[in-house]
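Dear colleague,

Please find the structure below, handed over for your records. My notes on it follow directly after.

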Amino acid sequence: MDRRYRWLPVVAFAVVVFVGSVVPLPGGETTLGPFGLVGADKYTHAFAYFCLGGALAFALAPDRRWVAAAALAVVVTSLYGGGIEVVQGFVGRDPSLLDWGADVLGAVVGVALATGFDHVLRRRPWTER
């Protein structure tokens with residue numbers, strides 16, 4: 001795939017996540033997610049950053065070793081989530097460390113699956129550039 005097109009999903013996910021995160025929501029009731037452990041919004045956070053982290057790892061991989069690309073994707077995606085949590089405090093939304101934790105967890109899982117998926121499809125050794 002042409003390298004330029006690898007970045008389109010990253011930009012699209014980043015814009016959707018940003019807009020969805022800073023637009024004030026009506027209501028404010030917290031509903032529990034599956035299994036009743038945490039709020040449903042934590043699952044939404046994890047899924048959004050799962051997609052963003054996986055897309056970023058995929059975009060970074062051709063230029064770097066996979067381990068470095070995966071680490072960079074997790075760090076950048078996690079910092080993006082943390083930055084959005086800070087911005088939420090200025091736009092009438094409640095910033096939350098638990099939301100950021102869900103962001104980081106989603107990023108780690110998304111990056112791990114994206115890197116593993118690429119290696120399985122291409123049957124490349126982990127040390128190959």
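Patches are made of residues with over 30% relative accessible area and no salt bridge, where like charges are joined within 9 Å and nonpolar side chains (Val, Leu, Ile, Met, Phe, Trp, Tyr) within 5 Å. Accessible areas come from the Shrake-Rupley method with a 1.4 Å probe, and for residues only the protein chains shown count as cover. A salt bridge is a side-chain nitrogen of Lys or Arg within 4 Å of a carboxyl oxygen of Asp or Glu.

This is a predicted model, in which local features need pLDDT of at least 70 and side-chain atom pairs count only at pLDDT 80 or more, while totals for chains, interfaces and linings use all residues. Residues are numbered from 1 along each chain as its sequence is written, and side-chain values use heavy atoms, with hydrogens and water left out.

The protein has five helices and zero strands (DSSP runs, numbered from the N terminus: H or I of at least four residues for helices, E of at least two for strands). Of its 129 residues, 35% are buried (under 20% relative accessible area; exposed is over 50%, partly exposed in between).

The nonpolar surface patch consists of Val11, Val15, Phe18, Val19 and Val23 and covers about 400 Å². Val19 belongs to helix H2 (residues 8–22) and is partly exposed, at a relative accessible area of 43%.

Two salt bridges were found in the whole structure. Lys42 pairs with Asp41, with 3.1 Å between the closest N and O atoms. Lys42 also meets Asp99 in a salt bridge, at 2.8 Å from N to O. This second pair links distant parts of the chain, with Lys42 in helix H3 and Asp99 in helix H5 (residues 97–122), 57 residues apart. Asp99 is buried at 6% relative accessible area, and Lys42 is buried at 17%, whereas Asp41 is partly exposed at 30%.

Phe47 and Phe50 are stacked, at 6.3 Å centre to centre and 15° between the planes. Both residues lie in helix H3 (residues 40–60), three residues apart.

Kind regards

Key. Phe/Tyr/Trp six-rings, centres within 6.5 Å; stacked < 30°, edge-to-face > 60°. Buried < 20%, exposed > 50% of the residue type's maximum accessible area, 1.4 Å probe, protein only.
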